[in-house]
Amino acid sequence: MNPTSPLFAVARGVLGVLLLPPVSLLLLALAGSALAWRGRRIGGAVATFSICTILLLATPMVSGLLIASLDQEAIAAPAVEPGAIIVLGAEARNGPDGPDVGPLTLERLRRGAVLQRATGLPLLVTGGPPGPDVPPLALAMRAVLENGFAVPVRWVEPAARNTRDNLLLSAAMLGRDGVGGAYLVTHAWHMPRAQQEAVRFGLPVLPAIVGRQRRPDGRLTDWLPRADHLAMSWLALHEWTGLAAAALGL
């Protein structure tokens, strides 16, 4: 299957959902429960292991360590004179007036607006349609920057389906205007993969990180499971899977 085809992107997304926790572990727990119901002792052990792993992934301790492992993997910044600021889209939401940016995207836009005011460099926003018959995320990103933060947007890249597309299409767009390097705005846990894709497509970038998570220090609350930390563990594992796939050329 062609890695650049929409069908490949869909298949990759479905596999990502099925293979990553918590779905993969829940499926394993169901399989273990079925084996235990049939009298197989191994089934109970499999189900217990899966549930305990999900609980651990939901703790601030484990999610924090996973996120920190990505933060340490950022590629060293190249010697480049940036001529633009690239802001990568994350997720979308339904706002009161229609499609809108989600919280992660909004954090990146705020970082991009602050950087634009400090440097005066032109902005590029990138993000394709988050679903069928939905406007590109990049259009909502431009509206927030121009109407909410009062900073201009020069380039809008509306077709990217994933991080690979974000950097491939942004590099081509900037290259046509003679821009050979840029600041790259995204979260710390996403920066290693984003930088890797930028290098892959010949675009030198300087990281402009959107904050960092608190490193767990072993306090009692670091071991109390929470749903939001299970989501953070999923994000970290998703990024590591993406790094591995990029290393294999997928």
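The model is predicted, so local features need pLDDT of at least 70 and side-chain atom pairs count only at pLDDT 80 or more, while totals for chains, interfaces and linings use all residues. Residues are numbered from 1 along each chain as its sequence is written, and side-chain values use heavy atoms, with hydrogens and water left out. Helices (H or I, at least four residues) and strands (E, at least two) are DSSP runs, numbered from the N terminus.

**The open sheet**
- Five strands make up an open sheet: 5 strands in the order S5-S4-S1-S6-S7, with parallel pairing; two strands count as paired if DSSP finds at least two bridges between them.
- At the edges sit strand S5 (155-157) and strand S7 (205-210), each pairing on one side only.
- From one strand to the next, the twist averages 20 degrees; axes here are lines fitted to C-alpha atoms, for helices over the stretch in contact, and angles run from 0 to 180 degrees between N-to-C directions.
- Helix H6 (residues 137-148) packs on the sheet and touches strand S1 (85-88), S4 and S5, where contact means heavy atoms within 4.5 Å.
- The direction of H6 makes about 140 degrees with that of S4.

**Strand S1 and its neighbours**
- S1 is covered on both faces: Ile-85 and Val-87 are buried on one side, and Ile-86 and Leu-88 are buried on the other. Buried means under 20% relative accessible area, exposed over 50%, and partly exposed in between (1.4 Å probe, protein chains only).
- S1 pairs with S4 in the parallel sense over 4 bridges, and Val-87 stands opposite Val-125 in S4.
- S1 also pairs with S6 in the parallel sense, over 3 bridges; there, the bridge partner of Val-87 is Val-185.

**Strands S6 and S7**
- Strand S6 (residues 182-187) runs parallel to S7, and 6 bridges join them.
- Thr-186 has Ile-209 in S7 as its bridge partner.

**The hairpin**
- Strand S2 (residues 92-95) and strand S3 (residues 98-101) pair in the antiparallel sense over 4 bridges.
- These two strands, S2 and S3, form a hairpin with 2 residues between them.
- Ala-92 has Val-101 in S3 as its bridge partner.

**Gly-120**
- You'll find Gly-120 in the loop between helix H5 (103-119) and strand S4 (123-126).
- Gly-120 is exposed, with a relative accessible area of 53%.
- Gly-120 and Asp-133 are 13 residues apart in sequence, and C-alpha to C-alpha they are 35 Å apart in space.
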